[in-house]
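The following exercises are to be worked with the sequence and the three-dimensional structure at hand. Each task is followed by a solution in steps.

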Amino acid sequence: MTHTRFAFIKAQWHADIVDRALDGFCDTIPANQVDVFDVPGAFEMPLLARDLAATGKYDAVVCAAFVVDGGIYRHDFVAQAVVDGLMRAGLDTGVPVLSVSLTPHQYQETDHHNEIYRTHFVEKGKEAANAALGIIAARAKVAKAA
């Protein structure tokens, strides 16, 4: 039996928050089925996601980032570019590429906000694991029906 493998890409901006998504993901998917890759920020995720998906080694690629609103247009630009790039990586390779990328407008770097988002990223990681398993199962059903 072939074991399902996952690639998990984490942006390092706010790593103390973003890394919690991997914790949540591994609550559902065994860690020994997950290869973890770090990138400097969210903007670098789509290229690596495409490269990893193209290897044929992974059944799904999951990307996690925290893109905060610094009060300038860059927040919206980065968020849109990342989502578009991740979608393109999945469509171009035929491998599901999932996003755990949050873009809050009201984030303040306080202990209170950091704890809220750490907890939220754990939940989002669990959701990504369930989504990955769901899309893999759905695609297997389509392949079987074909």
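**Exercise 1.** Locate glutamine 33 in the chain and determine whether glutamine 33 is buried or exposed.

*Solution.* Step 1: glutamine 33 belongs to the loop that links helix 1 (15-28) to strand 2 (34-39); helices (H or I, at least four residues) and strands (E, at least two) are DSSP runs, numbered from the N terminus. Step 2: the relative accessible area of glutamine 33 is 17%. Step 3: buried means under 20%, exposed over 50% and partly exposed in between, with a 1.4 Å probe and protein chains only; glutamine 33 is therefore buried.

The model is predicted, so that local features need pLDDT of at least 70 and side-chain atom pairs count only at pLDDT 80 or more, whereas totals for chains, interfaces and linings use all residues. Residues are numbered from 1 along each chain as its sequence is written, and side-chain values use heavy atoms, with hydrogens and water left out.

**Exercise 2.** Identify the residues in contact with glutamine 33, leaving aside neighbours within four places in sequence.

*Solution.* Step 1: apply the contact criterion, heavy atoms within 4.5 Å. Step 3: at threonine 4, the backbone oxygen is 2.7 Å from a polar atom of the glutamine 33 side chain.

**Exercise 3.** Describe the surroundings of valine 97.

*Solution.* Step 1: valine 97 is part of strand 4 (residues 97-102). Step 2: with a relative accessible area of 16%, valine 97 is buried. Step 3: once residues up to four places away in sequence are excluded, valine 97 touches Ala49, Val61, Cys63, Leu86, Ala89 and Gly90. Step 4: alanine 49 is 48 residues from valine 97 along the chain, yet their C-alpha atoms are 7.1 Å apart.

**Exercise 4.** Characterise the chain as a whole: which order do its elements follow, and what radius of gyration does it have?

*Solution.* Step 1: the chain holds 4 helices and 4 strands, in the order β-α-β-α-β-α-β-α from the N terminus. Step 2: the radius of gyration, taken over C-alpha atoms, is compared with the globule rule of 2.2 Å times the number of residues to the power 0.38. Step 3: for 146 residues a compact globule would have a value near 15 Å, and the chain agrees, with 15 Å. Step 4: buried residues account for 41% of the 146 residues. Step 5: of the contacts between residues at least 6 apart in sequence, 78% join residues at least 24 apart.

Note on methods. Polar contact = N/O pair within 3.5 Å; in protein donor to acceptor, adjacent residues only side chain to side chain.
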